[in-house]
Amino acid sequence: MSHHVVPLKTYYTIFFALLALTAITVAVAFLDLGALNDVVAMGIASTKASLVILFFMHVKYSSKLTWVAIIGGIIFLAILLIIILSDYMTRGADTFPQAW
Amino acid sequence: MSTAIFKPRPEQVAQESDGTVSNYLNASFSIRSWLLTVDHKRIAILYLISISAMFFLGGIFAMLIRMELLTPAGDLMQSETYNKMFTMHGVVMVFFFLIPATPAVFGNFLLPLMIGAKDLAFPRLNLLSWYLYTAGALLAIGSIVFGGVDTGWTFYTPYSTTYANSNVILAALGAFIAGFSSILTGLNFIVTIHKMRAPGLTWFKMPLFVWGHYATSIIQVLGTPVVAITIILVALERLFHIGIFNPELGGDPILFQHLFWFYSHPAVYIMILPAMGVISEVITCFSKKKVFGYEFIALSSMAIALLGFLVWGHHMYTSGQSTYASLVFSVLTFLVAIPSAIKVFNWTATLYKGSVSYDAPMLYAIGFLGLFTIGGLTGVFLATLAVDVHVHDTYFIVAHFHYIMVGGSIMGYMAALHFWWPKITGRLYPEGWARFSALIIFIGFNLTFFPQFVVGYLGMPRRYHIYPEEFQIWNVFSTAGSSILGIGYLIPLIYLIWSLKSGPKASPNPWNAKGLEWERCPSPPPTHNFDHTPVVIEEAYAYEHKIWIK
Amino acid sequence: MGDIAFFPEQASTLAGQVDLLYFFLIAVSVFFALLIFSLIYLFAVRYRRRSEDDVPKEISGLLKLEILWSVIPLILVLFVFGWGATLYFDAYNPPKDAMEIYVVGKQWMWYIQHPTGQREINKLHIPVNKPVKLTMATEDVIHSFYVPAFRVKKDVVPGMYTTMWFNAIKTGEYHLFCAEYCGTKHSQMIGTVVVMEQADYQKWLSGNDSNEPLSVTGEKKFQQLACHTCHKDKANGRGPSLVGIFGKQAQLQNGQIITVDEDYIRKSILNPGDDVIAGYKPVMPTFQGQISEVGLLQITAYIKSLANSGSK
Amino acid sequence: MSAKNTALQHHFNDLDQQYQASQLGMWAFLVQELLFFGGLFAGYVVYRNLYPEAWTLGSHELDVSLGSTNTAILILSSLTMAMAVYWAQKGQKTKLVLFLVATLILGCSFLGIKVIEYSHKVQHHLLPGNGFSFDSPLADQVRIFFSFYFAMTGMHAFHMIVGAGILIWLIVQAMKGRYTAEYNTPIEMFGLYWHFVDVVWIYLFPLLYLIGRN
């Protein structure tokens with residue numbers, strides 16, 4: 001009953017990749033990229049997160065059901081964030097054109 | 001002839017051959033064996049007792065509210081007390097009866113039996129869920145004893161965080177802990193349905209009761225944590241004034257409403273989906289026919305569960321939420337109404353060319369169909385932006401959700417209680433009294449809540465201790481109806497307890513129903529459910545095939 | 001009053017349209033409800049169980065029927081959505097020429113302030129056949145200004161102004177309720193809206209003209225709080241000149257373009273550091289807690305009066 | 001093997017079904033935790049949009065070096081946890097216990113750094129509540145930043161403390177030789193929980209510490 005055993009070498013490479021990405025995200029934060037800063041920060045954080053999820057949590061080798069659970073969770077988190085934000089983003093636009 | 005109808009039919013009564021085989025009830029009688037049980041059937045009984053207690057506690061608050069509203073003036077109690085009455089009625093009924101009712105009692109008892117498993121996936125987690133529920137209930141009762149809470153069951157900020165001076169935190173913590181009981185039950189069901197089905201039992205052969213609980217569990221697991229963190233933020237705001245929901249410190253009260261309704265609207269689907277599962281079982285059994293459009297009912301449960309998460313904003317059309325967001329929520333709310341409509345049409349079509357018998361569970365099920373239809377249709381009124389602006393926070397809304405909750409969810413719970421009572425307790429309830437109580441509840445319910453539609457459109461706001469005189473006639477109808485409804489709910493309590501002692505012993509399959517819990521195990525079932533795990537070969541509700549006799 | 005009411009009066013332009021949609025929905029619901037109830041009754045009686053062992057024919061489903069009763073309700077509800085949305089836009093987008101009235105909700109009473117100075121509590125006198133726009137604020141919790149006869153309701157949320165409007169078409173007295181639970185005396189936070197003929201309304205206005213117009217009170221408060229030391233008529237003060245800025249576009253330090261409306265003025269008085277106008281330093285102190293909502297309305301009215309009358 | 005059937009609970013047919021049930025249950029629990037933190041992220045997103053300048057001011061009060069060392073510590077603890085799972089699958093008890101202890105030490109040092117950071121904030125009157133003071137016109141809005149900072153990192157630290165407690169219990173069980181190559185589900189499930197807590201921190205670090213650092 002050996003569930004997929006991930007070789008140690010993979011763990012080390014993932015570990016160093018994560019450290020490198022952390023260093024990058026800190027370095028990039030100090031450059032002035034305007035609105036892009038957040039996008040880059042979230043991009044790096046998501047890559048790190050997916051590395052941890054895929055390799056450390058063995059999701060790369062697990063059943064489809066696990067994938068459905070994870071992606072489902074992310075979709076519902078996105079629903080929560082996006083729809084709440086959509087209210088705040090359009091607060092000012094109450095004066096819709098009368099042409100409706 | 002009339003008494004014959006109410007005498008149990010020969011195949012319903014246990015033959016001598018069944019004998020007193022040991023079952024989960026008489027396995028052992030010590031208190032320890034009950035309080036530390038990990039048997040899903042015993043935990044279901046523990047839930048049945050604690051939930052019935054909370055139901056009658058909530059019912060008392062309801063009666064007090066209705067008595068106060070008999071007269072326009074606030075003459076039965078102070079407005080402070082009245083505000084606590086409707087708040088506690090809401091908190092007890094929503095968090096401690098409607099959300100756990102059918103899943104915790106019938107889901108726990110029947111899910112393993114229906115899919116041929118020995119127990120739920122995590123039995124100890126199941127017992128923990130009951131203890132969390134009881135702890136939450138005690139906290140809520142504590143908040144009542146120490147002076148009650150007067151914020152409404154919705155805990156809207158900034159009133160609940162800054163201006164209320166009643167024990168808000170105690171009641172909120174009660175709901176918080178009961179929320180985790182709901183999460184763990186949902187988690188348990190999801191894993192059980194995925195991983196512990198009997199051989200041969202594919203997804204589309206499962207009873208629709210199991211589909212209903214699968215959809216409910218997804219909502220429980222995905223929705224409840226958001227209200228849990230919101231309650232923590234309310235408690236932090238109330239204790240330390242951290243400014244998240246307090247407008248004077250820069251906070252935004254509408255954010256609370258978004259986070260609260262993100263859970264609380266799917267919560268109403270947690271309340272109704274299990275009842276829908278029960279109705280599918282009862283209608284098929286008592287019209288002796290396969291359900292009409294099995295896949296459509298199963299998938300519409302899933303559609304309700306998933307779409308249910310997109311529509312919470314229809315509680316906030318008048319709350320200062322942006323017009324654009326209200327538009328989006330209105331469209332999505334109309335979409336989520338379609339699966340419910342499909343279900344009602346399919347249940348009605350199941351009766352066609354069936355062989356319909358009017359036992360008590362069937363009466364409750366038909367009552368469900370009628371009342372849920374009215375509830376669902378009035379929901380369309382509230383999804384319509386322009387009408388909701390007028391009727392929001394009035395008695396029209398109160399009538400709508402009582403038609404869904406009391407007319408739908410509780411009618412479904414009563415149908416389940418009567419349908420599976422012989423399997424759970426091994427006793428037959430008195431059929432005559434049961435049909436009588438079903439009729440009384442139906443009449444009392446309509447007399448209570450239909451006038452509220454009228455007074456709602458007239459503009460009587462919710463949560464009003466005093467109201468103008470011209471609304472009095474409708475409130476008198478409503479109070480009269482509520483006393484009939486109250487009696488209607490007391491009658492089953494009496495004859496069901498009576499049947500525990502002196503009801504005739506039930507045969508394994510008194511209703512000649514299909515389903516593993518009827519055909520493959522005696523009533524009441526033994527602790528280990530099945531002697532050998534059943535192999536499923538036929539479709540769900542295959543009434544054309546022979547009924548298995550254990 | 002006191003007799004039995006069956007249906008609310010239709011006292012605003014919106015009321016008739018909302019009721020029309022309401023009756024349409026009732027008609028559709030009654031049709032579907034009767035359809036389902038009669039089918040249930042018919043099937044339950046027609047196919048009642050005659051003997052214990054009759055085995056009904058198995059019907060597992062009919063795809064065409066399923067599609068039929070999915071698509072028809074879908075089309076119906078989307079039509080209803082469209083109708084409801086257009087009315088919603090009318091209800092929540094006040095016309096430009098509407099008469100301005102300020103409302104402040106305070107725990108358990110409505111404080112109403114006419115621009116011409118009249119102040120009322122739990123009473124609102126308005127002329128008939130004239131659009132009236134309410135700009136509403138609350139001093140404490142969420143309230144909701146609800147006039148059933150006009151079929152309009154809008155929550156009054158602390159921390160921002162909310163607006164709503166109506167156009168009364170029938171004279172008379174109508175109920176005013178607070179519809180959002182706001183504490184102990186929530187059910188006593190009620191009042192009446194008195195709709196009067198134009199002539200009576202003028203007589204009422206002059207009848208209790210006891211205090212000066214709102215903008216004058218606002219100007220006094222503007223001087224009293226020494227706002228004029230920084231906000232001078234010309235743009236030579238430490239703060240931007242407020243003459244003629246109301247309703248116009250303005251650029252913020254972070255380059256964002258905003259319109260100067262009541263909300264922006266209120267937020268800048270309470271959180272001055274938040275959206276600073278380009279070219280000025282965030283030195284203005286916050287007046288949070290020093291000016292009541294009523295005072296803020298008065299100052300806003302004064303700044304509005306600067307908009308069209310040029311430099312005073 | 002005796003260990004095999006004692007570990008198999010009565011209502012499962014075989015150990016593989018039990019393992020798959022535990023794994024699905026764990027993932028359902030983690031999805032629920034994701035939504036639990038999701039509520040906080042929703043509040044963060046809304047308020048950062050409403051008050052961007054105040055949140056930059058608040059973020060500048062945080063010590064990036066401490067934050068990044070904490071991130072490195074947590075990533076290292078994820079590595080040691082993954083190796084603990086590896087050696088559990090190989091059935092090497094001593095190495096398993098070694099890496100579990102390493103993970104515990106790293107977890108505790110993470111919490112140690114958090115205590116340092118929190119005490120620094122309390123001294124500078126940045127703890128939201130009556131003691132909060134911040135000399136800028138945006139003081140109220142900076143208080144909201146710090147209430148989210150303490151709510152998010154506090155809830156994360158709470159999950160670390162619970163994790164450390166379970167870790168201690170697992171170490172004791174591992175020393176008793178309870179986990180073999182055939183049965184090590186609790187170790188693997190705890191590994192999932194620990195990695196999830198690490199993933200939450202991976203998002204918390206940039207969102208709280210690195211706002212508007214240019």
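Predicted model: local features only at pLDDT ≥ 70, side-chain atom pairs only at ≥ 80, totals over all residues.

Residues are numbered from 1 along each chain as its sequence is written, and chains are lettered from A and ligands numbered from 1 in the order in which they are written.

In chain C, domain 1 covers 9–39 + 63–211 and domain 2 covers 214–309. Their C-alpha centres lie 31 Å apart. To the contact between them, domain 1 of chain C gives eleven residues and domain 2 of chain C gives nine; two residues are in contact if their C-beta atoms, placed from the backbone, lie within 7 Å.

Which elements give two or more residues to the side of domain 1 of chain C that touches domain 2 of chain C? They are β1 (99–106), β2 and β5 (131–138) of chain C. Strands here are DSSP runs of E, at least two residues long, numbered from the N terminus.

I turn now to the sheet. Five strands of chain C form an open, mixed sheet in the order β3-β2-β1-β5-β8; two strands pair if DSSP finds at least two bridges between them. At the edges are β3 (119–121) and β8 (162–167) of chain C, each pairing on one side only. Strand β2 (residues 109–113) of chain C pairs with β3(C) in the antiparallel sense over three bridges, and Y111(C) stands opposite I121(C) in β3(C).

Notes. Helix = DSSP H or I, 4+ residues; strand = E, 2+ residues; numbered from the N terminus. Domains from an automatic or database assignment.
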